[in-house]
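Good morning. Please look at the structure on the screen, and I will go through a few of its features.

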Amino acid sequence: GNGTASSITGTPVTRAGGGGGGGFQGSGGTGQGGGGNGKNSTGSSQGSGSAGTVNTGGGGGGGTSLHTNAYSGKTGGSGIVILRYSNDYTITLAGGASSTAGEQTNGTDKYIEIQTTGTVSWA
């Protein structure tokens with residue numbers, strides 16, 4: 001699947017796309033929206049697919065299976081929670097919640113990308 005496009009951070013990004021399928025006697029599929037690519041099954045290009053992109057929730061690409069060679073698919077990309085709120089507030093993360101980039105400003109709003117579970121509050 002193609003995934004879903006969002007501009008919540010001010011920049012369009014497609015997330016949660018499917019991973020490409022592994023090829024059987026042919027080409028592997030192309031991942032979309034953070035999904036990893038599937039691997040071809042012919043000749044020296046056999047192998048495992050590629051992993052989904054981190055923080056996109058994209059699926060992992062499939063591996064190949066041809067004759068006696070079987071290769072595994074890869075894992076999907078980790079998910080992310082994006083919160084957008086008024087510049088009038090400041091967020092506090094607790095209980096294990098973390099953000100690599102922290103609170104960002106975009107016009108009259110702020111947003112934050114949270115990668116782990118925990119608690120959030122605003123003041």
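I start with a term: a residue is called buried under 20% relative accessible area, exposed over 50%, and partly exposed in between, using a 1.4 Å probe and protein chains only. By that rule Glu103 is partly exposed, with a relative accessible area of 29%.

Now the background. This is a predicted model, where local features need pLDDT of at least 70 and side-chain atom pairs count only at pLDDT 80 or more, while totals for chains, interfaces and linings use all residues. Residues are numbered from 1 along each chain as its sequence is written, and side-chain values use heavy atoms, with hydrogens and water left out.

Next, the chain as a whole. It has 0 helices and 9 strands; here helices (H or I, at least four residues) and strands (E, at least two) are DSSP runs, numbered from the N terminus. Along the principal axes, the C-alpha atoms fill a box of roughly 60 × 30 × 20 Å. The radius of gyration is 19 Å, whereas a compact globule of 123 residues would have one near 14 Å. That radius is taken over C-alpha atoms, and the globule rule is 2.2 Å times the number of residues to the power 0.38. Of the 123 residues, 28% are buried. The chain exposes about 6600 Å², and carbon and sulfur atoms supply 49% of that area. Such areas come from the Shrake-Rupley method with a 1.4 Å probe, and for residues only the protein chains shown count as cover.

Two strands pair if DSSP finds at least two bridges between them, and β5 and β8 are joined by 6. Within this pairing, Ile82 stands opposite Glu113 in β8.

On to charges. Side chains of opposite charge can pair when their charged atoms come close. How many salt bridges does the structure hold? There are 2, a salt bridge being a side-chain nitrogen of Lys or Arg within 4 Å of a carboxyl oxygen of Asp or Glu. One of them joins the side chains of Arg84 and Asp109, at 3.0 Å from N to O. Arg84 is in strand β5 (residues 81-86) and Asp109 in strand β8 (residues 109-114), so this pair ties together parts 25 residues apart in sequence. Arg84 is partly exposed at 35% relative accessibility, and Asp109 is partly exposed at 22%.

The side chains of Lys110 and Glu103 also form a salt bridge, at 3.7 Å from N to O. Lys110 is buried, with a relative accessible area of 12%.

Last, Leu83, which is in strand β5. Leu83 is partly exposed, with a relative accessible area of 23%. Not counting residues up to four places away in sequence, Leu83 touches several residues, including Lys110, Tyr111, Ile112 and Trp122; contact means heavy atoms within 4.5 Å. The C-alpha atoms of Leu83 and Gln104 are separated by 10 Å, with the two residues 21 apart along the chain.
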